[in-house]
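Here are some notes for a first look at this model. Please keep the structure open while reading.

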Amino acid sequence: MIRYICFECQTELRPPDQLENPEELISHGLCRKCLEISMSRFGRSLTNYLQSFSEPVLVVDQDGRIITVNDSGQEVLSKNITKIEGYLGGQVFGCLHSKEPGGCGETLHCLSCVVRNTVEETYKTGIAHHRIPACQDLDTVSGPRTTRFIISTEKIEKAVLLILEEIGPE
């Protein structure tokens with residue numbers, strides 16, 4: 001079983017994943033409340049800040065899990081916030097490879113995922129990236145398709161803002 005908990009307040013971030021292995025594993029992230037507290041040091045609430053973007057913006061933790069998303073992001077992803085918060089980026093985007101054994105972040109394809117690698121790089125170094133071309137193989141209702149993105153990232157406290165500037169077919 002994998003439990004997902006906030007590394008600040010120890011709150012459960014989402015229901016645990018059941019694994020065949022009975023050993024309990026813990027994955028840390030940052031809950032929305034703790035991120036709100038962290039963002040308040042910048043003089044505005046996280047929700048207000050995210051809604052100031054016209055582009056879809058996802059807030060991602062160090063493990064690639066989505067902490068929260070603005071309204072534009074929910075609209076583009078066609079998902080309610082409850083199907084976004086606490087889930088890995090590939091699961092949220094519908095990446096075809098996130099359904100392979102090991103899941104998002106653990107497949108051979110993940111090694112070359114520009115979205116994942118850019119977010120990780122920004123988290124580790126604090127260096128923002130602007131207008132990076134990326135693509136993902138998405139599992140859609142009409143079958144697999146490759147989608148092109150132009151992304152930007154910026155580190156804020158213990159999270160990374162992932163901004164989807166352009167989205168379109170490859």
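1. **A loop residue, Q10.** Q10 sits in the loop between β1 and β2. Strands here are DSSP runs of E with at least two residues, helices are runs of H or I with at least four, and both are numbered from the N terminus. Q10 has a phi near 70°, a positive value in a residue other than glycine. Its relative accessible area is 45%, so Q10 is partly exposed. The scale is this: buried means under 20% relative accessible area, exposed means over 50%, and partly exposed lies in between, with a 1.4 Å probe and protein chains only.

2. **What kind of model this is.** The model is predicted: local features need pLDDT of at least 70, side-chain atom pairs count only at pLDDT 80 or more, and totals for chains, interfaces and linings use all residues. Residues are numbered from 1 along each chain as its sequence is written, and side-chain values use heavy atoms, with hydrogens and water left out.

3. **Another positive phi.** R131 is not a glycine, yet its phi is positive, at about 55°. R131 belongs to strand β6. With a relative accessible area of 45%, R131 is partly exposed.

4. **Cysteines.** How many disulfides are there? The count is zero, where a disulfide is a pair of cysteine sulfur atoms within 2.5 Å. For C6, the closest cysteine sulfur is in C34, at 3.7 Å, which is too far for a bond. C6 is buried, at 0% relative accessibility. For C135, the closest cysteine sulfur is in C113, at 8.7 Å, again too far for a bond. C135 is partly exposed, at 37%.

5. **Helix α5.** This helix covers residues 114-125 and has 12 residues. The expected span is 1.5 Å times one less than the number of residues. That gives 16 Å for α5, and its end C-alpha atoms are 16 Å apart, so the two values agree. Just after α5, G126 has a positive phi of about 80°.

6. **The buried side of the helix.** Which residues of α5 are buried? They are V115, R116, T118, V119, T122 and Y123. An α-helix has 3.6 residues a turn, so residues three or four places apart point the same way. The buried residues of α5 pack against β4 (57-60), β6 (129-140), β7 (143-156) and β8 (159-169).

7. **The largest nonpolar core.** A nonpolar core is a set of buried Ala, Val, Leu, Ile, Met, Phe, Trp, Tyr and Cys residues joined through side-chain atoms within 4.5 Å. The largest has 19 residues, and L58, F93, L162 and L164 have the most contacts inside it. Two or more residues come from each of β4, β5 (66-69), α4 (89-93), α5, β6, β7 and β8. Another core lies apart from this one, with 17 residues, among them C34, L50, F53 and V59.

8. **Contacts of F93.** Contact means heavy atoms within 4.5 Å. Not counting residues up to four places away in sequence, F93 touches L58, L77, Q136, L138, F149, L162 and L164.

9. **P56.** This residue lies in the loop between α2 (46-51) and β4. P56 is buried, at 7% relative accessibility. Leaving aside neighbours within four places in sequence, P56 is in contact with N70, S72, G73, V76, L162, I163 and L164. P56 and S152 are 96 residues apart in sequence, and their C-alpha atoms are 11 Å apart.

10. **I156.** This residue is in strand β7. I156 is buried, with a relative accessible area of 11%. The C-alpha atoms of I156 and A128 are 10 Å apart, and the two residues are 28 places apart along the chain.

11. **The cavity.** On a 1 Å grid over the protein atoms alone, a cavity is a set of points where a 1.4 Å probe fits but cannot get out, a pocket is an open set with protein on both sides within 12 Å along at least five of seven lines, and lining residues have an atom within 4 Å of a point. Grid points are joined across faces, edges and corners, and a volume is the space filled by probe spheres set on the points. The structure holds one cavity of 30 Å³ or more. The largest cavity has a volume of about 210 Å³. It is lined by 20 residues, and G89, G90, C104, V115 and R116 are the closest to its centre. Helix α5 gives the largest share of this lining, four residues.

12. The largest pocket holds about 330 Å³ of space. Of its 17 lining residues, I2, Y4, R65, L88 and G102 are the closest to its centre. Strands β1 (2-6) and β2 (12-17) are the elements that give two or more residues to this lining.
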